[in-house]
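Work through the exercises below with the sequence and the structure open. Try each task before reading its solution.

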Amino acid sequence: MSSSSVSVPRLVIAAPSSGSGKTTVATGLMAAFAARGLAVSPHKVGPDYIDPGYHSLATGRVGRNLDAYLCGPELIGPLFAHGARGCDIAVVEGVMGLYDGAAGEGELASTAHVAKLLRAPVVLVVDASSQSRSVAALVHGFVSWDPEVRVGGVILNKVASDRHEELLREALESAGVPVLGVLRRAAQVDTPSRHLGLVPVAERRGAALEAVAAMGAQVAQGCDLDALEALARAAGPVPGGSAPWTPTSPTHHPSRLVERPSPVVAVAGGPAFTFSYAEHTELLTAAGAEVVTFDPLRDEELPPGTRGLVIGGGFPEVYASELSANEPLRKAVGELALSGAPVAAECAGLLYLCRELDGLPMCGVLDASARMSERLTLGYRDAVAVGDSSLAVAGTRMRGHEFHRTVVEPGAGAAPAWGVRAPARRVEGFVQQGVHASYLHTHWASQPDVARRFVERCRTS
């Protein structure tokens with residue numbers, strides 16, 4: 001693949017609405033293509049962290065996100081090209097309904113928007129469980145809504161019987177949209193859910209492997225893989241000849257990076273902290289850090305020589321007892337933060353740094369208390385750095401995403417992390433010494449200086 005012309009075959013798997021079966025079809029298609037010997041590049045539209053874990057199991061490659069709100073439309077092509085390097089085909093799973101984007105922002109960050117940015121054909125997954133001839137009207141509406149979105153075919157999901165399939169096919173013949181697959185209901189491909197969606201792969205790896213294998217078998221049996229591959233190969237070059245994104249800044253010369261110390265940056269992982277974007281680690285490494293992953297559920301010490309700490313999102317509320325019981329690590333985290341070392345914490349990381357979570361002791365870095373809530377907080381946020389921190393200088397604008405059923409009281413410290421500009425003006429998060437803790441999930445590819453600043457602070461703190 002040349003840097004001037006990205007033409008990897010690609011498909012976008014979309015649906016009229018959430019719950020139609022996109023994840024089953026996309027993951028199954030990735031697994032089916034991989035079983036054919038193809039190197040498959042997995043992608044997910046939007047900020048979702050969980051689906052890419054299943055994509056990774058299906059393909060053996062890192063699942064990557066394409067979020068036009070968090071990263072900006074101009075980075076979608078380059079980030080796609082970066083992830084798809086050396087691959088034979090790419091499968092992009094959509095988000096929500098095909099045309100659903102950031103609230104109040106038109107098509108921005110919708111599956112349709114990303115499909116247009118990639119000039120990728122769309123395969124529409126339709127839940128056919130409660131309709132027959134009406135499927136033609138539904139599909140016709142989605143096909144004709146935006147002429148720039150190319151719907152290349154339909155996969156019918158949850159089809160009840162041969163007779164039901166026959167009625168659906170007859171209806172879609174009149175709409176002129178090819179049926180590229182028909183899937184019956186299959187309990188073995190279901191994946192368990194809880195308060196924030198699917199249970200992550202890291203918490204059920206064995207069962208997840210079986211589920212992904214079942215998805216691949218179901219898609220291979222029920223879909224026309226030859227036709228789907230041919231549709232992907234008809235995509236042509238990505239608009240603008242997008243050069244692949246790179247985590248290395250042209251202003252940083254490799255020779256200089258080699259000469260400077262490589263501070264150890266510890267990144268929380270394991271079942272409790274599964275939410276992270278692959279590009280964050282790549283940016284930290286490119287900035288000169290030695291990135292070491294550790295598991296707060298099991299490791300009683302931070303990695304040797306740790307100079308900085310990154311704690312991303314996940315489900316600490318599910319593992320609060322185990323996290324609390326690991327007192328040696330909680331103490332180590334507290335001592336690192338007290339020393340002034342850079343600590344970047346997002347959402348789950350914020351909860352872990354609090355004094356307590358649901359009444360159980362946590363790290364006590366922040367004088368705040370966290371608890372579960374019945375209310376879901378969800379949505380994109382437009383934010384600006386209130387003051388200087390280990391991540392950003394005051395005035396830095398970043399876009400973020402909130403997704404949690406917890407509450408932290410107080411919601412902001414004396415020095416807040418962010419001033420949230422939309423949907424409502426407020427301050428949020430905590431900055432104290434080297435700590436930057438917030439509910440906002442951010443994508444550092446949109447602001448690479450965040451990683452470079454963090455690593456530089458690790459060198460000098």
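**Exercise 1.** How are H2 and H7 oriented to each other: roughly parallel, roughly antiparallel, roughly perpendicular or oblique?

*Solution.* The model is a predicted one. Two packed helices are described by the angle between their axes and the distance between the axes. Step 1: locate helix H2 at residues 51-59 and helix H7 at residues 205-222. Step 2: their axes come within 10 Å and cross at roughly 65°. Step 3: angles of 65 to 115 degrees count as roughly perpendicular, so H2 and H7 are roughly perpendicular to each other. Step 4: for the handedness, H2 passes H7 in a right-handed crossing.

**Exercise 2.** Which strands are joined to E10 by bridges, and in what direction do they run?

*Solution.* Step 1: E11 (residues 290-294) is parallel to E10 and joined to it by five bridges. Within this pair, Ala-266 has Val-292 as its bridge partner, and Val-267 has Thr-293. Step 2: E12 (residues 306-311) also runs parallel to E10, with four bridges between them. Here Val-264 is opposite Thr-306. Step 3: follow the chain from E10 through helix H10 (residues 278-286) to E11; the three make a right-handed β-α-β unit.

**Exercise 3.** Why is strand E10 described as largely enclosed by the rest of the structure?

*Solution.* In a regular strand the side chains alternate between the two faces of the sheet. Step 1: Val-264, Ala-266 and Ala-268 point one way from E10, while Val-265 and Val-267 point the other way. Step 2: all of these residues are buried. Step 3: E10 spans residues 264-268 and five of its five residues are buried, so the strand is largely enclosed by the rest of the structure.

**Exercise 4.** How many disulfides does a search of the whole structure find?

*Solution.* Step 1: the search finds zero disulfides. Step 2: take Cys-87, whose nearest cysteine sulfur, that of Cys-71, is 19 Å away. A disulfide needs the two sulfur atoms within 2.5 Å. Step 3: for Cys-458, the nearest cysteine sulfur belongs to Cys-363 and is 17 Å away. Step 4: Cys-87 counts as buried at 11% relative accessibility, and Cys-458 is buried at 0%.

Technical notes: Residues are numbered from 1 along each chain as its sequence is written. This is a predicted model: local features need pLDDT of at least 70, side-chain atom pairs count only at pLDDT 80 or more; totals for chains, interfaces and linings use all residues. Side-chain values use heavy atoms; hydrogens and water are left out. Buried means under 20% relative accessible area, exposed over 50%, partly exposed in between (1.4 Å probe, protein chains only). Helices (H or I, at least four residues) and strands (E, at least two) are DSSP runs, numbered from the N terminus. Two strands pair if DSSP finds at least two bridges between them. A crossover is right-handed if, with the strands pointing away from the viewer, the path from the first strand over the helix to the second runs clockwise. Axes are lines fitted to C-alpha atoms, for helices over the stretch in contact, and angles run from 0 to 180 degrees between N-to-C directions. Angles under 35 degrees count as roughly parallel, over 145 as roughly antiparallel, 65 to 115 as roughly perpendicular and the rest as oblique. A crossing is left-handed if the near helix is turned anticlockwise from the far one by less than a right angle, and right-handed if clockwise.
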